[in-house]
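Here is a short briefing on one protein model. Look over the sequence and the structure before reading on.

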Amino acid sequence: MAKLLIIQAHPKTDGFSYSLDVAQTFIDSYLTYNPTDTVTIRNVFTDGVPPINDLTFDAWMKMKQPETTLLSKEQEALINKHSDWLEEFIAHDKYVFVNPMYNHFIPAELKQYIDLISVTRKTFKYTEEGLVGLLTDKKSVHIQAAGGFYKPDIQVDLGAQYLKHTMDRFGVTSVDGIYIEGMAEQPEKAIDILNTAKEQATLLAATF
């Protein structure tokens, strides 16, 4: 039995969303083929990603000298949240990142989430030969919606590049993408664009 983690990065979930609609199609299809697997949804907007701020850095400095310095209750609570989110990510076998494109990049909350899980000796490590990913038995999918057309010119889709680079650093070399693009530029084709993406999601979920 595998564990699938949906990292949902969309600020509005009570209305229609192209990325969320395609993601739901993916989930439904995935569970059809993998009925005993578990699916967890982590919403980085509503769940509140634990911050990396002055309190965090001060706590990290104190943790390097545990015999002389104690964390405050606020710091301890924050560090525990960091650990819980990180361990949740590591404990899952497969990942689906779902987001709208924001100005050629991913939403800030998703970037904050990636910062949270990019931890040396947990998701990657440094060796004499260079950086080595520690999650080599995992796989991921990136579902992203954008009003314009950006593929195949990846130079203007910095978010997709960044997410793939992050997965590569973690050792997750199986990275697929479903990109829903052009609804704003060609609104008359929006339904066709959506249906094509949902077909991709259905097919990809069958082998994921």
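Leaving aside residues up to four places away in sequence, D115 touches I52 and Y162, where contact means heavy atoms within 4.5 Å. This is a predicted model: local features need pLDDT of at least 70, side-chain atom pairs count only at pLDDT 80 or more, and totals for chains, interfaces and linings use all residues. Residues are numbered from 1 along each chain as its sequence is written, and side-chain values use heavy atoms, with hydrogens and water left out.

**D115**

- D115 is found in helix 4; helices (H or I, at least four residues) and strands (E, at least two) are DSSP runs, numbered from the N terminus.
- D115 is partly exposed, with a relative accessible area of 33%; buried means under 20%, exposed over 50%, and partly exposed in between (1.4 Å probe, protein chains only).
- The C-alpha atoms of D115 and T166 are separated by 9.9 Å, and the two residues are 51 apart along the chain.

- Five strands form an open sheet in the order 2-1-3-6-7, with parallel pairing; two strands pair if DSSP finds at least two bridges between them.
- Strand 2 (38-43) and strand 7 (174-181) are the edge strands, each pairing on one side only.
- From one strand to the next, the twist averages 15 degrees; axes are lines fitted to C-alpha atoms, for helices over the stretch in contact, and angles run from 0 to 180 degrees between N-to-C directions.
- Helix 5 (residues 158-170) packs on the sheet and touches strand 3 (94-100), strand 6 (139-146) and strand 7. The direction of helix 5 makes about 170 degrees with that of strand 6.
- Strand 1 (residues 3-8) pairs with strand 2 over six bridges, and L5 stands opposite T40 in strand 2.
- Strand 1 also pairs with strand 3, over five bridges; the bridge partner of I7 is F97 in strand 3.
- Strand 3 and strand 6 share seven bridges, and N99 has Q144 in strand 6 as its bridge partner.
- Seven of the seven residues of strand 3 are buried, so strand 3 is largely enclosed by the rest of the structure.

**Largest pocket**

- The largest pocket holds about 460 Å³ of space. On a 1 Å grid over the protein atoms alone, a pocket is an open set of points where a 1.4 Å probe fits, with protein on both sides within 12 Å along at least five of seven lines; lining residues have an atom within 4 Å of a point.
- Of its 15 lining residues, W60, L86, V119, T120 and K122 are the closest to the centre.
- Helix 3 supplies the largest share of the lining, five residues.

Definitions and conventions. Points joined across faces, edges and corners; volume = space filled by probe spheres on them.
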